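Here's a quick walk through one protein model for anyone meeting it for the first time. Take a look at the picture, then read on.

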Amino acid sequence: MKIPFVDLQAQYKSIRQDVLKGVEAVFDKCNFVLGDEVAKFEADFARYCGSDHGVGVANGTDALHLAVRALGIGAGDEVLVPANTFIATALGVTFAGAKPIPVDVDASTFLMNPMLIEKAITPRTKAIMPVHLYGRMMDLDPVLEIARKHKLAVIEDTAQAHGAELRGKRAGTRGVMGCFSFYPGKNLGCYGDGGLITTNDAELKEKLEALRNYGSKKKYHHPIVGYNSRLDTVQAAVLNAKLPHLNAWSAARASAAVKYNKAIEGIGDLILPQIPDKGSHVFHLYVLRTKKRDALLAHLNANGVQAGIHYPTPIHLHGAYADLGYRKGSFPVSEQLCDEIVSLPMFPEISDEQIHYVVGQLKGFF
Ligand SMILES: Cc1ncc(COP(=O)(O)O)c(C=O)c1O
């Protein structure tokens, strides 16, 4: 048996007609840049999240970059990011000219440890960028409290947590902006690159709309330096076809995670992911821990199970961030996790038979 890490084809088969109809409408109108489909998706996705505004951009990295820029954060400023995340979190800060400052994570949640935030704040700190990593919505109450005390902005990296919800609020609505990616493998993914920023602040919305469009709200008027970073209309049409299914897909992911946890408990030294309050973890990734990670990963891959590591290197140990001056040992929890984590196949359409096969391979290994 071969179990893919993500099965985009299975999902496409279930929505093919709607996707093709939406894309065909864009082609028929030839309204390719900032067409009606973009405005519709921005409005619908913002409403889905419970946010006043949505601004579509070219990808999730740009969402983070433009969010940082929109706040006027740049050279000489610092933004706190978790040490355990995909590099794009830090890149969004770097693109704006500011410095990403890693903060270690909590070993049980894998998320930025709120207890370590204040220690990392300096007079140059302007914002905190928590990541709802793997689809788990971080409890932002303590982060928002610290941010208020130190007059910092909170920008949520929601690239992996579409629709995650904690105490009635969805990811991307608690900070001043939420930054989404629609990379194909994401919980809500398009068929290329795409991104969006949610905000309740009308002024920021205006600024973001200018920043993504050459710094312009009115043709050939450019009061600020901007970028070409719009959500593509064809991608918006794909997202419009997919959004109505997002809740069902999240529920299917959560249900697969419960099945995995029940079946895996007690196997070897595997540490299971926590399953927190209903709806607060949308399981973009299902991540286990083991001291035998490298051997286990090789065994899974050799037996047809496409497992992966998210992510093998913490932010501070990438060559790209060597100039930040950290070294091995600077963020020990993130470093340990990077050595022990393994992500199993996870997608809404994963069948009981596929889960059974993956678990069988885990048992076989241990
Ligand atoms: C946590 C996180 N932040 C940011 C991004 C960047 O998104 P994109 O690939 O759309 O630029 C991703 C996904 O790739 C991500 O996983």
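## H1 and H8

H1 and H8 are oblique to each other. Bear in mind that this is a predicted model, so everything below is read off computed coordinates. H1 runs over residues 8-29 and H8 over residues 233-242, and the two pack at an angle of about 140° with their axes 8 Å apart. An angle over 145 degrees would count as roughly antiparallel, which is why this pair gets called oblique instead. Their crossing is right-handed.

Who does the touching? On the H1 side you'll find Gln-11, Ile-15, Asp-18, Val-19, Gly-22, Val-23, Val-26 and Phe-27, while H8 brings Thr-233, Val-234, Ala-237, Val-238, Ala-241 and Lys-242. Sorted by class, that contact holds nine nonpolar, three polar and two charged residues.

## H3, a mostly covered helix

Next up is H3, residues 60-70, where 10 of the 11 residues are buried. The buried ones are Gly-60, Thr-61, Asp-62, Ala-63, Leu-64, His-65, Leu-66, Ala-67, Val-68 and Ala-70. What do they pack against? Their partners are strands S1 (53-57), S5 (153-157), S8 (177-181) and S9 (195-199), plus helices H4 (88-95) and H7 (202-211).

Both ends of H3 have something to show. Just after the helix, Gly-72 takes a positive phi of about 75°.

## How H3 meets H4

The crossing of H3 and H4 is right-handed.

From H3 come Thr-61, Leu-64, His-65, Val-68 and Arg-69, and they meet Ala-88, Thr-89, Leu-91, Gly-92, Val-93 and Phe-95 of H4. By class, the contact splits into six nonpolar, four polar and one charged residue.

Is Gly-54 buried or exposed? Its relative accessible area is 9%, so Gly-54 is buried.

Leaving out residues up to four places away in sequence, Gly-54 touches Glu-42, Ala-46, Leu-196 and Ile-197. Gly-54 and Ala-39 are 15 residues apart in sequence, and their C-alpha atoms are 8.8 Å apart in space.

Two phenylalanines have a positive phi although neither is a glycine. Phe-110 has a phi of about 70° and is found in the loop between strand S3 (99-103) and helix H5 (117-120). With a relative accessible area of 8%, Phe-110 is buried. Phe-283 has a phi of about 40°, in the loop between helix H9 (246-264) and strand S10 (286-289). Phe-283 has 1% relative accessibility, so it counts as buried too.

Which peptide bond is cis, with omega near 15°? That's the one from His-310 to Tyr-311. Tyr-311 lies in the loop between helix H10 (293-302) and helix H11 (332-340).

## H12 and its surroundings

H10 also takes part in a helix pair, this time with H12. Their axes come within 10 Å and cross at roughly 130°, so H10 and H12 are oblique to each other. The crossing is right-handed. Ala-295, Leu-296, His-299 and Leu-300 of H10 make the contact with Gln-361, Leu-362, Gly-364 and Phe-365 of H12. In this contact there are five nonpolar, three polar and no charged residues.

Gln-354 lies in H12 as well, a helix of residues 352-365. With 14% relative accessibility, Gln-354 counts as buried. Its side chain reaches the backbone nitrogen of Ser-351 at 2.9 Å. Not counting residues up to four places away in sequence, Gln-354 touches Met-1, Ile-3, Pro-4, Phe-347 and Glu-349.

Definitions and conventions: Residues numbered from 1 in each chain as written. Predicted model: local features only at pLDDT ≥ 70, side-chain atom pairs only at ≥ 80, totals over all residues. Heavy atoms only, no water. Axes fitted to C-alpha atoms, helices over the stretch in contact; angles between N-to-C directions. Helix = DSSP H or I, 4+ residues; strand = E, 2+ residues; numbered from the N terminus. Parallel < 35°, antiparallel > 145°, perpendicular 65-115°, else oblique. Left-handed = near helix turned anticlockwise from the far one by under 90°. Contact = heavy atoms within 4.5 Å. Nonpolar A, V, L, I, M, F, W, Y, C, P; charged D, E, K, R; others polar. Buried < 20%, exposed > 50% of the residue type's maximum accessible area, 1.4 Å probe, protein only. Polar contact = N/O pair within 3.5 Å; in protein donor to acceptor, adjacent residues only side chain to side chain.
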